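Trainee: I'd like to learn how to read an interface between two chains. Can you walk me through one?

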Number of protein chains: 6
Amino acid sequence: MSEPAMTRFPVPDIDDLPEELQERIDNERERAGFVPNVFVAYGYKPKQARAFFDYYDAIVDDSPLSREEIEMIIVAVSGANDCLYCVVAHGALARIYGEDPHLAEQLATNHRTANISDQHKAMCDVAVKLTEQPTAVGDDDIERLREYGFSMEEVWDIASLTSLFNLSNRMAHFADWRPNEEFYEMGRGQ
Amino acid sequence: MSEPAMTRFPVPDIDDLPEELQERIDNERERAGFVPNVFVAYGYKPKQARAFFDYYDAIVDDSPLSREEIEMIIVAVSGANDCLYCVVAHGALARIYGEDPHLAEQLATNHRTANISDQHKAMCDVAVKLTEQPTAVGDDDIERLREYGFSMEEVWDIASLTSLFNLSNRMAHFADWRPNEEFYEMGRGQ
Amino acid sequence: MSEPAMTRFPVPDIDDLPEELQERIDNERERAGFVPNVFVAYGYKPKQARAFFDYYDAIVDDSPLSREEIEMIIVAVSGANDCLYCVVAHGALARIYGEDPHLAEQLATNHRTANISDQHKAMCDVAVKLTEQPTAVGDDDIERLREYGFSMEEVWDIASLTSLFNLSNRMAHFADWRPNEEFYEMGRGQ
Amino acid sequence: MSEPAMTRFPVPDIDDLPEELQERIDNERERAGFVPNVFVAYGYKPKQARAFFDYYDAIVDDSPLSREEIEMIIVAVSGANDCLYCVVAHGALARIYGEDPHLAEQLATNHRTANISDQHKAMCDVAVKLTEQPTAVGDDDIERLREYGFSMEEVWDIASLTSLFNLSNRMAHFADWRPNEEFYEMGRGQ
Amino acid sequence: MSEPAMTRFPVPDIDDLPEELQERIDNERERAGFVPNVFVAYGYKPKQARAFFDYYDAIVDDSPLSREEIEMIIVAVSGANDCLYCVVAHGALARIYGEDPHLAEQLATNHRTANISDQHKAMCDVAVKLTEQPTAVGDDDIERLREYGFSMEEVWDIASLTSLFNLSNRMAHFADWRPNEEFYEMGRGQ
Amino acid sequence: MSEPAMTRFPVPDIDDLPEELQERIDNERERAGFVPNVFVAYGYKPKQARAFFDYYDAIVDDSPLSREEIEMIIVAVSGANDCLYCVVAHGALARIYGEDPHLAEQLATNHRTANISDQHKAMCDVAVKLTEQPTAVGDDDIERLREYGFSMEEVWDIASLTSLFNLSNRMAHFADWRPNEEFYEMGRGQ
């Protein structure tokens with residue numbers, strides 16, 4: 001079959017986007033070798049796109065969580081929300097940063113049967129609980145993370161990443177964003 | 001009873017926050033007469049706070065949706081997510097911009113029995129559906145909004161606000177943010 | 001917008017109602033200064049109305065629970081069931097008997113983040129659990145209430161009020177009852 | 001195994017109950033040949049018991065619904081709520097009034113596969129929907145019942161019975177009421 | 001009303017079925033006095049039917065679980081899945097092997113209020129949990145069964161029966177299989 | 001991390017298995033180049049294993065559905081049930097028979113956003129509905145499949161595969177079966 005259109009909304013020309021966002025896109029193209037669809041699709045509303053990427057960068061740049069942990073959380077949350085774009089795009093990053101070609105499919109399907117440490121299972125448990133039953137999260141969840149050795153800043157960032165991808169999973173569902181083909185193969189390490 | 005602490009995380013001193021965020025807080029204090037707790041609580045991670053408020057401002061400043069419609073969506077979504085902070089803080093704004101002292105309680109309890117137009121009911125229906133069943137949203141939901149006269153840009157912003165408050169509702173639950181007392185009384189118009 | 005009709009069913013003339021029910025309505029008018037819509041709407045079937053108010057009065061008149069506790073349970077249950085009529089009408093009573101202008105919105109949105117004692121949180125926990133997952137209620141729930149100091153008669157009345165408003169919340173949804181405007185402002189104490 | 005106690009609460013002596021309730025119990029004993037456990041168990045709070053039986057009698061005595069239809073609704077609702085007492089006690093009545101020894105098990109298990117008319121399937125559909133998703137009930141449900149020939153009074157009573165047994169199913173779960181053995185065999189017609 | 005057709009699919013003539021399946025049906029006819037509808041209805045695909053009955057026979061013939069326990073599990077699972085065929089057909093077997101005319105209705109309605117031992121309650125708890133929330137089953141569930149004295153082989157068979165009837169309950173729903181009238185009365189012991 | 005054990009139950013020695021099952025395993029080893037873990041793990045109860053593989057073979061050998069369609073259904077169902085073993089093992093087969101390296105991740109995450117035909121989307125819709133809401137499946141679902149051109153035999157096999165993997169997904173969860181590493185890479189076609 002031919003590939004489906006990558007979104008339900010009009011797609012801007014990259015050259016028409018604000019300079020600041022073009023720079024962010026150039027960075028991404030350099031790093032990945034292609035422009036992830038979300039950058040163009042989100043560009044329908046450049047200021048919102050800018051704020052979203054700033055939020056993500058603010059976590060990635062400063063978080064005491066490792067880059068592997070960041071992507072593990074994103075894939076577990078996006079799997080719980082059945083979001084193809086984020087499972088595939090961040091699945092690639094989870095494979096790369098986790099140096100494990102099977103990690104993404106395990107986390108996206110069911111983090112409880114992923115081949116990860118108990119500490120990371122607790123981390124994903126809380127992320128998925130905050131995704132699926134936000135009102136049920138309580139002091140005991142935070143204490144559990146603390147007992148596994150996460151600092152208060154790490155605990156915050158687990159919640160912050162979870163919350164941010166509850167935003168982007170919904171945008172991807174609503175706008176029907178589809179992942180670039182390149183993501184599927186990245187980090188398989190053959 | 002004495003008031004509960006407003007968050008589970010350390011609260012920064014406003015004077016220690018980055019200047020840009022302090023300005024945003026000053027604006028808010030001027031407009032509202034007090035500093036909403038979320039500004040201080042979110043300040044635990046100033047760059048994330050900055051990105052969140054930029055996202056919200058990007059919608060509020062440019063959206064073809066009216067300010068009343070923006071706050072209606074937020075209250076309906078936050079009610080569906082049982083989020084006290086957002087129901088009370090944005091409930092105040094819904095009363096003010098909607099010029100209706102009963103609007104917030106109606107939307108937060110059940111938008112289907114709110115005293116609003118059929119167009120606004122459709123708008124809240126889609127916002128609540130994207131909140132509770134994101135995978136079930138489809139072309140028919142977008143068509144329904146279009147038939148009620150919403151432009152594609154408005155349709156995007158309905159989804160964008162819904163997604164943004166699925167982020168903030170989760171942060172508020174996780175960090176246990178509590179609304180300032182002032183919000184409860186604003187816009188009651190007696 | 002104009003106010004919606006207060007029910008999907010025909011509304012009887014108060015003068016045509018059985019005398020006993022008219023007296024009950026007169027009492028209510030005297031106490032509140034107006035006739036709550038439910039009295040007239042329920043009057044479509046006067047004997048059923050009479051039985052419902054008798055049940056409510058049987059609890060209110062004799063219960064070892066305080067009047068504040070009674071209304072707290074009703075608002076928490078009605079919030080869980082998204083019932084506008086009962087949230088607004090009994091929210092007014094919760095504000096008045098609880099002498100707390102913020103109590104109703106807190107309980108209706110999410111009793112877990114209400115500014116109430118641990119004892120009252122346990123009370124609302126059980127009421128909401130019996131509402132949402134009746135088969136899951138067990139000996140441990142009753143023991144928990146007992147440990148918080150509730151007598152067996154109080155435990156019964158917590159369940160009885162919860163059950164009664166699972167009746168009336170459904171009637172209000174089905175018949176589309178709407179609260180009188182007066183309720184929204186009562187007990188705000190400005 | 002020995003039979004379990006019939007309730008978690010103290011059981012009053014019938015002779016100590018208010019006279020009016022004793023009469024109601026005498027009637028029941030005469031009709032059925034034994035005293036249904038609910039009459040004694042509910043007697044822990046005689047005024048509440050009185051109001052409950054008055055509500056039920058108010059429907060049974062005056063409803064344009066047939067007695068068979070009344071018991072069909074009760075069994076479908078109680079099955080949806082997994083309530084043993086009401087499934088067994090009213091299942092007996094459904095068998096008797098429906099003159100069908102298989103009706104109760106069919107309705108309690110799944111009214112959609114019961115051997116009943118399309119009109120009665122619609123009736124049970126609405127009763128179960130009001131039980132499980134009260135906020136989702138709308139004008140279309142009432143219209144559907146009307147199209148199947150139910151009068152407005154019948155429509156009300158379908159909702160009223162559903163609501164009443166959402167009360168009693170919860171009391172039975174909470175107090176752990178168990179049905180008398182006699183009910184299991186009644187109406188099997190061998 | 002006339003009885004509904006027993007399936008949505010064509011019904012084969014028993015004489016046209018493979019010999020091996022005809023023998024299995026003959027056995028059943030001898031034992032029960034009639035041919036259970038499932039044998040004929042499943043015969044639309046004889047090899048699948050053969051495999052299904054082989055699976056069931058493999059458990060029944062070799063399991064360290066008693067025949068009563070086997071049928072208890074099936075009825076509890078089929079009740080949780082609202083499957084009329086299996087509730088009625090295996091309900092008859094539960095009554096017979098359990099020598100208890102009330103057992104089937106208790107288990108099908110709500111195994112938590114069935115008059116069974118704590119050991120059998122734990123057994124049904126796990127069966128129903130594996131039915132309704134398969135991802136939530138974990139080591140603690142297996143340990144709980146072990147503590148109640150079940151061997152590892154029994155634990156496996158509890159899961160295996162549960163899984164097998166999650167297959168057949170779905171076939172019965174999809175193909176709309178209806179139980180033979182004879183099942184309703186078997187094992188009532190009058 | 002080291003790989004987790006592949007099951008919670010004792011693993012038999014292949015040489016101790018009944019001859020017929022050993023042959024089936026030899027076939028599989030020849031075809032795939034390795035023995036899928038499920039064959040050994042299921043061997044704890046060889047007769048049950050035999051019946052399960054007979055059921056699967058009965059569909060695969062005779063079904064008018066294509067082999068690609070068969071594996072698509074299995075992956076969509078197993079994704080809905082969050083079953084790692086079946087998603088990974090049958091995901092490999094879906095990639096191979098579908099000649100599409102991205103098909104498995106799309107179907108397992110969310111068949112609604114998979115790059116498949118409308119006919120196959122309808123097929124997966126019904127399979128997932130029968131998995132998640134078996135009581136809600138009705139005549140309209142079967143008619144929809146028929147309108148998309150599926151024969152009655154194909155419709156049956158869609159249901160039969162769905163039901164069979166609702167069995168095996170539960171066994172995999174309960175026994176904690178883990179997929180062989182080889183499956184992850186099969187059919188990626190680089």
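Mentor: Happy to. The size of an interface is often given as the accessible area lost when the parts come together. Here, chain C and chain D bury about 4200 Å² between them, and carbon and sulfur atoms give 68% of that. On the chain C side, Trp156(C), Arg170(C) and Phe174(C) lose the most area to chain D, together 21% of what that side buries. Keep in mind that this is a predicted model.

Trainee: How many residues does each chain bring to the contact?

Mentor: Chain C gives 42 residues and chain D gives 42 residues.

Trainee: And how many salt bridges are there between chain C and chain D?

Mentor: Six. One of them joins the side chains of Lys47(D) and Asp62(C), at 3.0 Å from N to O.

Trainee: Which helices of chain C supply at least two residues each to the side that touches chain D?

Mentor: Helix 2 (37-42), helix 3 (46-62), helix 7 (118-132), helix 8 (139-147) and helix 9 (152-175). Helix 9 of chain C has the largest share, 15 residues. By type, that side of chain C splits into 23 nonpolar, nine polar and 10 charged residues.

Trainee: Now the cysteines. How many disulfides does a search of the whole structure find?

Mentor: Zero, over all chains. Take Cys83(B): the closest cysteine sulfur, in Cys86(B), is 3.6 Å away, so it is too far for a bond. For Cys124(C), the nearest cysteine sulfur, that of Cys86(C), is 15 Å away.

Trainee: Is Cys124(C) buried or exposed?

Mentor: Buried, because its relative accessibility is 0%.

Technical notes. Residues numbered from 1 in each chain as written. Chains lettered and ligands numbered in written order. Predicted model: local features only at pLDDT ≥ 70, side-chain atom pairs only at ≥ 80, totals over all residues. Heavy atoms only, no water. Contact = heavy atoms within 4.5 Å. Buried area = accessible area lost by both parts, 1.4 Å probe. Salt bridge = Lys/Arg side-chain N within 4 Å of Asp/Glu carboxyl O. Helix = DSSP H or I, 4+ residues; strand = E, 2+ residues; numbered from the N terminus. Nonpolar A, V, L, I, M, F, W, Y, C, P; charged D, E, K, R; others polar. Disulfide = S-S within 2.5 Å. Buried < 20%, exposed > 50% of the residue type's maximum accessible area, 1.4 Å probe, protein only.
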